[in-house]
Amino acid sequence: MPENSPKIGSKAPTFKLPDAEGKVHDMASHFGKSPVVIYFYPKADTPGCTKEACGFRDAIASYENLGVPVFGISPDPVAEVKAFSDKFQLNFPLLADADHKVTELYGCWVEKQMGPTKSMGAARTTFIVNRRGDIGHVFEKVNAEGHDQEVLAWLKANAT
């Protein structure tokens, strides 16, 4: 985990970001009530990010049964997040972090390398914020396919 990532047991950083409809979500109003899933993904409407988002979409009833909201965050502008959400009929909030400040706050803004090209981007990482508003678990280097079930299994086993 990057050094500046919040550690398990530390208070989850709060933030405000707009969703696909432009509605601002204040995480301070979610933390401390029930567990919350926050997953960071690199880019809207790319193959891996689509698999991951559609997995959460298809499993959202199971998360709702546990009382656990799911939020996806990418360094895309609202318009791209909206197009992605609409195209795949996503039924949970995708948040736009166009200036990547929240992605940085969570230590997920990292250098990536594709062949000889290096660039900065979001690392596919999921945080579980527990009922106390602390970081309860971190999934790093996530495999997009099946990740929704991995997170669900962790939540059921750990009842945070």
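Let me start with a question: does Glu-21 count as buried or exposed? At 59% relative accessibility, Glu-21 counts as exposed. When I say buried I mean under 20% relative accessible area, exposed is over 50%, and partly exposed is in between, with a 1.4 Å probe and protein chains only.

Before we go on, some ground rules. This is a predicted model, where local features need pLDDT of at least 70 and side-chain atom pairs count only at pLDDT 80 or more, while totals for chains, interfaces and linings use all residues. Residues are numbered from 1 along each chain as its sequence is written, and side-chain values use heavy atoms, with hydrogens and water left out.

Okay, back to Glu-21. Its partner is Lys-82, and the two form a salt bridge with the closest N and O atoms 3.3 Å apart. A salt bridge here is a side-chain nitrogen of Lys or Arg within 4 Å of a carboxyl oxygen of Asp or Glu. What I like is that this pair links distant parts of the chain: Lys-82 sits in helix H2, Glu-21 is in the loop between strand S1 (16-18) and strand S2 (24-26), and they are 61 residues apart. On the naming, helices (H or I, at least four residues) and strands (E, at least two) are DSSP runs, numbered from the N terminus.

Lys-82 itself is partly exposed, with a relative accessible area of 30%. Lys-82 also forms a salt bridge with Asp-86, and there the closest N and O atoms are 2.9 Å apart. Those two both lie in helix H2, four residues apart, or about one turn of the helix. Asp-86 counts as partly exposed too, at 42%.

How many salt bridges does the rule give? The count comes to eleven. Another one joins the side chains of Lys-51 and Glu-145, at 3.6 Å from N to O. That pair also links distant parts of the chain, with Lys-51 in helix H1 (residues 47-65) and Glu-145 in the loop between S9 and H4, 94 residues apart. Glu-145 counts as exposed, at 56%.

Now the sheet. Please find the open sheet of five strands, in the order S5-S4-S3-S8-S9, with mixed pairing. Two strands pair if DSSP finds at least two bridges between them. Strand S5 (94-96) and strand S9 (135-139) stand at the edges with a single partner strand each, so one side of each has no neighbour in the sheet. From one strand to the next, the twist averages 20°. Angles run from 0 to 180 degrees between N-to-C directions, and axes are lines fitted to C-alpha atoms, for helices over the stretch in contact.

Look at S3 (residues 36-40) and S8 (residues 125-129): they pair in the antiparallel sense over five bridges. Val-36 stands opposite Val-129 in S8. Helix H4 (residues 147-158) packs on the sheet and touches S3, S8 and S9, with its direction at about 150° to that of S9. Contact, by the way, means heavy atoms within 4.5 Å. Helix H2 (residues 78-87) lies across strand S4 (70-74) and S5, running at about 160° to S5.

While we're at H4, here's one of its residues: His-147 lies in that helix. His-147 is buried, with a relative accessible area of 0%. Not counting residues up to four places away in sequence, His-147 touches Glu-52, Phe-56, Thr-126, Phe-139 and Val-142.

That takes us inside. Which residues of the largest nonpolar core touch the most other members? Of its 28 residues, they are Val-37, Tyr-63 and Phe-92. A nonpolar core is a set of buried Ala, Val, Leu, Ile, Met, Phe, Trp, Tyr and Cys residues joined through side-chain atoms within 4.5 Å. S3, H1, H2, S5 and H4 are the elements giving two or more residues to this core, and H1 gives the most, with seven residues. Apart from that core lies another, of 18 residues, among them Phe-31, Val-36, Leu-95 and Ile-135.

One last stop, in the loop between S9 and H4, where you'll find Lys-141. Its phi is near 45°, a positive value in a residue other than glycine. Lys-141 is exposed, with a relative accessible area of 82%.
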